[in-house]
Amino acid sequence: METINIKVDQEVAKAYRESDSRKQEQISTIIKLFLNKEFSQKSLSEVMEEIAKKAEKRGLTPEILENILNDEL
């Protein structure tokens, strides 16, 4: 693994530093997916749509996702 720096505003930086390791790993995974060769030439909305389709194929429904997100808030 390699460390990179990404400019964000103070609020985002603080929220990231204060988040648990699980949340930080999830953010890292999103960045990896977004910059992956498969997705690098696509817009963020296209990447998100493809990720959503793959998740749905694996059984993640909008309802399950909502429950997961609500549990983490």
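# Close-ups of a predicted model

**View A. E25 and its partner K32.** Let's start with E25, a residue that is partly exposed, with a relative accessible area of 41% (buried means under 20%, exposed means over 50%, and partly exposed is in between, using a 1.4 Å probe and protein chains only). What does the side chain of E25 meet in a salt bridge? It meets the side chain of K32, at 3.9 Å from N to O (a salt bridge here is a side-chain nitrogen of Lys or Arg within 4 Å of a carboxyl oxygen of Asp or Glu). K32 counts as partly exposed too, at 41% relative accessibility. By this rule, the count comes to 4 salt bridges, and the E25 and K32 pair is one of them.

View B. Residues are numbered from 1 along each chain as its sequence is written, and side-chain values use heavy atoms, with hydrogens and water left out. The protein chain averages a pLDDT of 83 (that's the predictor's confidence in each residue, from 0 to 100), and 97% of the residues score at least 70. Which element has the highest mean pLDDT? Helix α1, residues 10–18, takes that spot with 94, whereas helix α4, residues 62–72, has the lowest, 74 (helices are DSSP runs of H or I with at least four residues, numbered from the N terminus).

View C. Zoom in on E18 and K14, whose side chains meet in a salt bridge at 3.2 Å, N to O. Why can these two pair up along the helix? E18 and K14 sit 4 residues apart in α1, so about one helical turn separates them. An α-helix has 3.6 residues a turn, so residues three or four places apart point the same way.

**View D. K42 meets E50.** Here's another pair: the side chains of K42 and E50 form a salt bridge, with 2.2 Å from N to O. Are the two residues buried or partly exposed? K42 counts as partly exposed at 30% relative accessibility, and E50 does as well, at 22%.

**View E. The largest pocket.** This one has a volume of about 970 Å³. Of the 29 residues lining the largest pocket, I30, L33, I51, L60 and L65 are the closest to its centre. (On a 1 Å grid over the protein atoms alone, a pocket is an open set of points where a 1.4 Å probe fits, with protein on both sides within 12 Å along at least five of seven lines; lining residues have an atom within 4 Å of a point. Points join across faces, edges and corners, and the volume is the space filled by probe spheres set on them.) Helices α2 (21–35), α3 (44–57) and α4 each supply at least two residues of this lining. Which helix gives the most? That's α2, with 10 residues.

**View F. The second largest pocket.** Move over to a pocket with a volume of about 770 Å³. Its lining has 18 residues, and I4, I6, Y16, S28 and I31 are the closest to the centre. Two or more lining residues come from each of α1 and α2, and α2 supplies the largest share of this lining, 7 residues.

**View G. V47, tucked into helix α3.** V47 lies in helix α3 and is buried, with a relative accessible area of 2%. How far apart in space are V47 and Y16? Their C-alpha atoms are 22 Å apart, and the two residues are 31 apart in sequence.

View H. N36 has its place in the loop between α2 and α3, where N36 is partly exposed, with a relative accessible area of 34%. The C-alpha atoms of N36 and T61 are separated by 24 Å, and the two residues are 25 apart along the chain. Look past α3, too: this helix is followed by G59, whose phi is positive, near 100 degrees.

Conventions. Predicted model: local features only at pLDDT ≥ 70, side-chain atom pairs only at ≥ 80, totals over all residues.
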